[in-house]
Amino acid sequence: MSGAKFDWSAAGEVLPMLLRGFEITLLATVLGFLVGAVLGLLIAIARRAPTRFVTAPVRGLMEFIRSTPLLVQLVGAATVFSSVDPLVIGIIVLGIHYATYTSEVYRAGIDGVPKGQWEASRALSLSPVRTWRAVVLPQAVRNVLPALGNYAISMFKETPFLAVITVQEMVFEARKYGADHFAYTEAFTLAGLIFLVASYPTSLLMRKLEKRLGH
Amino acid sequence: MNTFFTAFFDNLPQVLSGLGVTAEATVLGAVIAFALSFVLGLMAGHRNIVVRGVSRTVVEFFRGTSLYVQLFWLYYALPLLTGYQLSALFCGVVAFALNFGAYGSEVVRGGINAVPRAQWEAAVALNLSPYQRMRRVILPQALAQMIPPFTNLLIQLLKATPLLWLISAADLMTVIQQLRDRTGESLIAYVTLLVCYFIIAYILTLLMNLLERSAKARLGQYTGTRGLFRTRSAAGAETVPVVPTGGAS
């Protein structure tokens with residue numbers, strides 16, 4: 001192979017492999033984001049706890065996770081827990097990492113709920129659980145949906161990190177094909193385009209949602 | 001003492017040189033990305049639709065294709081196309097600059113749009129040229145608002161530098177990985193590495209807080225010293241528009 005030109009037959013050959021890897025990419029994104037969205041909400045609620053003994057450690061740990069590289073966290077976790085399936089590690093680490101971001105989003109949303117809503121719940125003597133579930137969260141979460149969606153997109157674009165811990169997602173397949181056939185150009189160009197094709201419409205959708213919610 | 005820390009201090013020169021590579025990639029990448037943010041961000045507000053279109057296309061392209069893929073493309077695919085191999089560090093700097101420059105342009109655009117309309121009108125009424133208007137009136141005000149989101153992007157960039165390890169530039173992660181392989185102390189090695197990044201991130205945040213303070217001081221707003229040591233999560237709370245690391249904002 002001369003390698004100087006874009007080889008369409010190689011591109012045709014690698015595409016099915018990439019799409020197979022793409023399924024794993026999507027799986028990791030969806031599951032990882034679920035972990036991140038749920039955990040982030042729990043963190044956001046914990047940060048409003050009445051005592052500093054809860055809020056200070058939570059905040060410290062969050063700051064630490066969010067200021068350190070995802071790649072190091074992934075490789076570290078995969079090495080230390082080497083007996084666990086890399087995909088599971090990847091989903092959990094991605095989820096925890098993004099929980100630190102989504103918790104900030106929820107926090108902004110919760111802070112945006114007017115004080116009168118809290119006072120009204122108190123006046124109606126709703127329990128704290130009902131105040132959160134029936135009054136605060138429905139309003140807070142609705143407002144932050146576009147921001148959450150944007151984090152889902154950015155998580156999607158960070159899933160290639162999972163290739164490093166041998167999860168066979170799209171970029172893993174691209175690297176493998178590139179190395180076996182010395183055709184990196186086709187493999188990585190297509191992988192990049194697939195990311196673009198998948199993420200751009202989604203981000204337009206989020207922008208539309210943002211407009212509709214009046215941001 | 002623990003074998004990992006013995007190895008760590010015995011090989012301090014290597015560790016420091018790894019730190020140097022990480023710092024170099026972060027600083028160079030950030031400086032070019034910052035310049036690019038302004039070019040693309042100002043283009044996005046141009047009255048000519050072609051200029052706006054070019055900016056939009058470039059931004060969406062570099063935001064939409066994953067950074068990881070861009071870096072690998074530069075390092076592995078580009079040499080096959082052009083026959084010219086760029087150094088790993090250079091590839092890293094270019095990829096970081098393009099990717100974060102694209103994100104940064106949204107920050108610039110948002111910051112400029114956030115300057116009240118009346119300021120533009122006042123500048124026109126005072127007969128300032130478009131250049132003077134931007135340079136003397138709009139940018140100084142916009143800049144103060146752009147710094148917190150730029151801080152977030154800077155930390156994101158720092159967090160992306162371990163990617164250099166994958167294309168075998170000898171950055172901090174590479175060096176610590178080597179020490180880990182030699183000593184077998186995985187947990188301690190990775191926790192140490194995370195702590196190193198955390199410290200660098202905190203120092204960067206502190207410097208950016210200083211910058212924000214001086215930008216605000218220029219506008220006649222005194223912000224006090226307490227806010228200087230605040231972390232990013234504390235800073236982000238009062239300004240609701242969270243700058244996402246990805247997607248559209």
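I began with residues 25–45 of chain B: the end C-alpha atoms lie 30 Å apart, and the span is 95% helix and 0% strand (helices are DSSP runs of H or I, at least four residues, strands runs of E, at least two, numbered from the N terminus). For residues 187–211 of chain B I got 36 Å between the end C-alpha atoms, with 100% helix and 0% strand. I looked both up in UniProt, where an unreviewed entry lists them as "transmembrane region"; such annotations may be inferred rather than shown by experiment.

Ground rules: this is a predicted model, where local features need pLDDT of at least 70, side-chain atom pairs count only at pLDDT 80 or more, and totals for chains, interfaces and linings use all residues. Residues are numbered from 1 along each chain as its sequence is written, and chains are lettered from A in the order in which they are written.

Next, the helix pair. The axes of α2 (12–44) and α9 (172–183) of chain B come within 7 Å and cross at roughly 150° (lines fitted to C-alpha atoms over the stretch in contact, angles from 0 to 180 degrees between N-to-C directions). I therefore noted α2(B) and α9(B) as roughly antiparallel, the word for angles over 145 degrees. On α2(B) the contact uses B:Gln14, B:Val15, B:Gly18, B:Leu19 and B:Thr22, and on α9(B) B:Leu172, B:Thr174 and B:Val175 (contact: C-beta atoms, placed from the backbone, within 7 Å).

Last, the chains: 41 residues of chain B contact 47 of chain A.

Methods:
Angles under 35 degrees count as roughly parallel, over 145 as roughly antiparallel, 65 to 115 as roughly perpendicular and the rest as oblique. Two residues are in contact if their C-beta atoms, placed from the backbone, lie within 7 Å.
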